[in-house]
Amino acid sequence: MYSSLLLAVLVVGAPYWLVRMATSGRYRAGLRGRLGMVPKELPAAVNGQSVVWVHAVSVGEVMAATRLIRELKERLPGWVVAVSTTTETGQRLAKERLPDSPVFYLPLDLKFSVRRYLRVLQPRMLVLMESEFWPRLIKECAKDGVPIAVVNARISDRSFPRYMRLRQMWRPFLEMISLFLAQSRETAERLAKIGAPTARVRVMGNLKYDVQSRSDTEMARRIASMVSGTKLAVAGSTLAGEEEALLAAWPTILKSIPDASLLIAPRHPDRFEEVWQLIRRSGSPVYRCSQLGQSNDPVAGGTILLLDTIGDLASVYGVATVAFVGGSLVSKGGHNPLEPAQFAVPVVIGPSFENFREIVKAMREAEAIRIVTTDELAATFAGLLQGKDDARALGQRGRAVFEAEAGATARTAQALVSLLEQRAGAAL
């Protein structure tokens, strides 16, 4: 029934998707692979070796998976860790961060496409990041005796009611999964309520506490050199509506902090041009980071930079005086506030943070984050950009939260290797 419904949706929605593919490279990327046409380089990359298949949807999941994959490779020498993603940005980042792993698009969740990848990969284990429950993929792996683990598992506030309504449908698929490694006790309880066998659910912590980014990348150095005479506010992973709010608040911020500069990093690459035009219409001096050279003259206060590159935001946070984490002024559930917190940068977020509720809760309890409405944005930025002691202390408390919760990656890697050993009946 599931496959029939999915196929019906694809057929009915075909005109819409054809239009989107004609107008956006975002939807054309990886189409052949999604349809089950295995990339020709994948069999050569596997070459008869033992394989762990890791699926990470997009940028956030890829970043969380990167250290885990490196840990697995250390513990499983000679194995191949193959990585699938759903989005184009996830593909780019995975190829950049994991050059030794074959990277490909997740096939459509239909039997013929899933079977083609399973025949090539012949995985010894499937690892799904966070909440990527694909019924056909799960069923086909279970049919082949492939153990399945869900790591960094989470069930968001938004998706939990839907899972509960359909728990009778989900229960048989969740029973095919060998291991659930949950971010928090609350998620573990939710997994049990929607049908996951309680004996297979363990609280492991959040891998995103272990995502440590470098602040000395080439792009970060270029930006740091340009804004060296200013106090930089970085607004990362912004969505439509948030750039307008930031630009509306910008003149008020400059009245208090004339030597401030602003960097905006839209979440989706297909919005780079749209945001570029939006900033230009604001009348502020603006630069595209993709066009910066090896050496650039320092900019004056009031300048806005558009970060229109992939994979640089995490390191650029380390240059910031204050950071705003997007997807939170609009009702989209927010993005990861730990990315700037790891650099002891004061973090500001909007009221929509359901996707990172446990992380925000820990930071709120430690007084390590500021939650603001659109109307409070200008005053909060201005106060933190002044660099008073309370701003520095706020950043240090955020860094302390990040460090205190670390260690989930090593625990998760050991749990996955133990699962493989149990299935193999011997130490690997």
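Guide: Positions taken from UniProt are given in the numbering used here, and its annotations may be inferred rather than shown by experiment. With that in mind, the unreviewed UniProt entry places a feature at residues 31–211, named "domain: 3-deoxy-D-manno-octulosonic-acid transferase N-terminal". The model itself is predicted. In it, the span 31–211 is 44% helix and 18% strand, and its end C-alpha atoms lie 30 Å apart.

Next, the whole protein. There are 21 helices and 14 strands. The C-alpha trace spans about 65 × 45 × 45 Å along its principal axes. A compact globule of 428 residues would have a radius of gyration near 22 Å, and the protein agrees because its own value is 22 Å. Of the 428 residues, 54% count as buried.

Now the part you asked about. The count of cavities of 30 Å³ or more comes to one, and the largest cavity holds about 60 Å³ of space. Its lining takes in Arg-154, Ile-155, Ser-156 and Asp-157, then Gln-183, Glu-186, Thr-187 and Arg-190, and finally Glu-354, Asn-355, Arg-357 and Glu-358. Two helices, α12 (185–193) and α18 (357–365), each supply at least two residues of this lining. The most comes from α12, with three residues. In general, an α-helix has 3.6 residues a turn, so residues three or four places apart point the same way.

For another part of the model, take helix α19, at residues 377–385, which is mostly covered, with seven of its nine residues buried. Those buried residues are Leu-377, Ala-378, Thr-380, Phe-381, Ala-382, Leu-384 and Leu-385. Buried here means under 20% relative accessible area. Just after α19, Gly-387 takes a positive phi of about 70°.

Key: Residues are numbered from 1 along each chain as its sequence is written. This is a predicted model: local features need pLDDT of at least 70, side-chain atom pairs count only at pLDDT 80 or more; totals for chains, interfaces and linings use all residues. Side-chain values use heavy atoms; hydrogens and water are left out. Helices (H or I, at least four residues) and strands (E, at least two) are DSSP runs, numbered from the N terminus. Buried means under 20% relative accessible area, exposed over 50%, partly exposed in between (1.4 Å probe, protein chains only). On a 1 Å grid over the protein atoms alone, a cavity is a set of points where a 1.4 Å probe fits but cannot get out, and a pocket is an open set with protein on both sides within 12 Å along at least five of seven lines; lining residues have an atom within 4 Å of a point. Grid points are joined across faces, edges and corners, and a volume is the space filled by probe spheres set on the points. The radius of gyration is taken over C-alpha atoms; the globule rule is 2.2 Å times the number of residues to the power 0.38.
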